[in-house]
Amino acid sequence: MSHDVSEILIGSDEIRRAVGRLAAEVDRDLDGRPGLLVGVLKGGAFFLCDLTRAMRSPVAIDFLRVSSYGAGTRSWGNVQVVHDLSVDIAGKDVVLVEDIVDSGATLAHILELLATRKPRTLRICTMLRKNLAGARAVPVDYVGFEIEDRFVVGYGLDFAESYRNLPHVAVLREEKDG
Ligand code: IMP
Ligand code: MG
């Protein structure tokens, strides 16, 4: 374990089981129809790859990237699309795949944008959701784990672009000593 990562919050076996459960739920709701899974870059890419491999429905994938201004550990609702989808989602069964829903600001913005493009269905799948008081009520269809409001890294989540490749979700140590 890296020296600035303290405790492992969710181990890789637990993640794998959750991925299997979520894949089965998404498959059930797609009910044989092809799904278009849209990963939110960069963090959601890790989860999307595992999720699609565990699914049985026919799937296509695409990605979009948004940036939230402010360099801290929390986005403040100023969300911009910096890389848009490459396919038309009209009439499709879209599943948006996120690594984490924190304030919900990012997701609310993406949902608003995608809804204007008239998908047949638009569902949200996130690996993690923080239990944040005052968070926007965003309708999330599939949640891997509800976690406390602590800054976590791994399984796609970064701190200053590091730690995305950890196979588990860990809490970042705030003090560098100890
Ligand atoms: P929201 O708009 O506040 O829901 O924030 C969503 C984005 O903030 C996520 O897609 C992550 O990129 C980032 N984020 C929120 N919480 C964490 C965390 O605990 N660790 C790493 N990134 C986070
Ligand atoms: Mg980030």
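Predicted model: local features only at pLDDT ≥ 70, side-chain atom pairs only at ≥ 80, totals over all residues.
Two strands count as paired here if DSSP finds at least two bridges between them. Strand S2 covers residues 35–41 and strand S3 covers residues 59–68, and the two pair in the parallel sense over seven bridges. Within this pairing, Val 38 has Asp 62 of S3 as its bridge partner.

The pair belongs to a wider arrangement. Six strands form an open sheet with mixed pairing, and their order reads S4-S3-S2-S5-S6-S7. At its edges are strand S4 (79–83) and strand S7 (142–147), each of which pairs on one side only. On average, and with direction ignored, neighbouring strands of this sheet are turned by 30° against each other.

Helices pack on this sheet as well. Helix H1, residues 12–30, touches S2, S5, strand S6 (121–130) and S7, and its direction makes about 145° with that of S7. Helix H3 lies across S2, S3, S4, S5 and S6, and it runs at about 165° to S5.

A second open sheet has three strands in the order S1-S9-S8, with antiparallel pairing. Its edge strands, strand S1 (5–10) and strand S8 (152–153), each pair on one side only. Strand S9 spans residues 169–172 and is joined to S1 by three bridges, the two running antiparallel. For a specific point of reference in this sheet, Ile 10 has Val 169 of S9 as its bridge partner.

The peptide bond that joins Leu 41 and Lys 42 is cis, with omega of about 0°. Lys 42 itself is placed in the loop between S2 and helix H2 (44–54). The other detail concerns Lys 118, which has a positive phi of about 55° although this residue is not a glycine. Lys 118 is found in the loop between H3 and S6.

The surroundings of ligand 1 complete the picture. Of the 16 residues around the ligand, those that come nearest are Ser 103, Gly 104, Thr 106, Lys 130 and Val 152. Three of these names return when polar side-chain atoms are considered. For Ser 103, an N or O atom in the side chain is 2.5 Å from an oxygen atom of ligand 1. For Thr 106, the corresponding distance from a side-chain N or O atom to an oxygen atom of the ligand is 2.4 Å. Lys 130 places a polar side-chain atom 2.8 Å from an oxygen atom of ligand 1. Taken alone, ligand 1 exposes 490 Å², and the protein buries 88% of that area.

The shell can also be read by element and by residue class. Strand S5 (93–101) and helix H3 (105–115) are the elements that give two or more residues to the shell around ligand 1. The largest share, four residues, comes from S5. S5 is also a member of the six-stranded sheet, placed between S2 and S6 in its order.

Key: Residues numbered from 1 in each chain as written. Chains lettered and ligands numbered in written order. Heavy atoms only, no water. Near = heavy atom within 4 Å. Polar contact = N/O pair within 3.5 Å; in protein donor to acceptor, adjacent residues only side chain to side chain. Areas by Shrake-Rupley, 256 points an atom, 1.4 Å probe, with all protein chains shown as cover. Axes fitted to C-alpha atoms, helices over the stretch in contact; angles between N-to-C directions. Contact = heavy atoms within 4.5 Å.
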